[in-house]
Amino acid sequence: MKKSDIVWVVGSVYAGATAFFYCWPRWFSGLARILPRYYPVEHAWKLGKQGGISQAWYGIQGFAFLAAGVVAAITYFILKTKVKGDLKPATIKLMGIVTCIFIVVGMTYMLWHEFDEWKIF
């Protein structure tokens, strides 16, 4: 597989997985309880929600980037060791579409969640 194909696949997987894993703490509340939050009034980091105003998205972003990095690393390992040949243009196009769908769905869900939480709707 060409290096450019590997970069495309791993980059697509990373982008889509980041959007997917960014939603996980909202879907699995147990995970949200263990992620770090920043409390700007206290200038402190604490694990989980402990009252007061906090910025949970710092911990959520860190989790999403790390989890997507693991998935991308596994994808890279599989591509380097198991896959032979180049990608067809249709496959590249399909991966781009799937990645965009993951990103748009993840962003839409998170916007809906935040707007609902802050009573904007």
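This is a predicted model: local features need pLDDT of at least 70, side-chain atom pairs count only at pLDDT 80 or more; totals for chains, interfaces and linings use all residues.
**Figure 1. Order of the elements along the chain.** Along the principal axes, the C-alpha atoms fill a box of roughly 55 × 30 × 20 Å. Buried residues account for 30% of the 121 residues. As for contacts between residues at least 6 apart in sequence, 61% of them join residues at least 24 apart.

**Figure 2. Helix α1 against helix α3.** Two packed helices are described by the angle between their axes and the distance between the axes. Here the partners are α1, residues 3-27, and α3, residues 57-81, and they pack at an angle of about 145°. Their axes are 7 Å apart, and the crossing is right-handed. What sort of residues make up the contact of α1 with α3? They split into 21 nonpolar, 4 polar and 2 charged.

**Figure 3. Helix α3 and its buried residues.** Now for the side chains that are tucked away: the buried residues of α3 are Gly59, Ile60, Phe63, Ala64, Ala67, Ala68, Ala72, Thr75 and Leu79. When reading that list, keep in mind that an α-helix has 3.6 residues a turn, so residues three or four places apart point the same way. What do the buried residues of α3 pack against? Their partners are α1, α2 (29-34) and β1 (36-39).

**Figure 4. Thr18, a buried threonine in α1.** Thr18 sits in helix α1. Its relative accessibility is 13%, and since buried means under 20%, Thr18 counts as buried. Leaving aside residues up to four places away in sequence, Thr18 touches Ala64, Phe65 and Ala68. Two of these, Ala64 and Ala68, also turn up among the buried residues of α3.

**Figure 5. Ser12, a buried serine in α1.** Ser12 also has its place in helix α1. Is Ser12 buried or exposed? Ser12 has a relative accessible area of 6%, so it goes down as buried. Setting aside residues up to four places away in sequence, Ser12 touches Met95 and Thr99. For orientation, helix α4 takes in residues 89-117.

**Figure 6. His43, with a positive phi between the strands.** Most residues other than glycine have a negative phi. His43 has a positive one, near 55°, and is not a glycine. Where does His43 lie? Look in the loop between β1 and β2, the latter covering residues 44-47. His43 is out in the open: its relative accessible area is 65%, and because exposed means over 50%, His43 is classed as exposed.

Figure 7. Lys119 lies in the segment after α4. Its relative accessibility is 68%, so Lys119 counts as exposed.

Terms used. Residues are numbered from 1 along each chain as its sequence is written. Side-chain values use heavy atoms; hydrogens and water are left out. Axes are lines fitted to C-alpha atoms, for helices over the stretch in contact, and angles run from 0 to 180 degrees between N-to-C directions. Helices (H or I, at least four residues) and strands (E, at least two) are DSSP runs, numbered from the N terminus. A crossing is left-handed if the near helix is turned anticlockwise from the far one by less than a right angle, and right-handed if clockwise. Ala, Val, Leu, Ile, Met, Phe, Trp, Tyr, Cys and Pro count as nonpolar, Asp, Glu, Lys and Arg as charged, and the others, Gly among them, as polar. Buried means under 20% relative accessible area, exposed over 50%, partly exposed in between (1.4 Å probe, protein chains only). Contact means heavy atoms within 4.5 Å.
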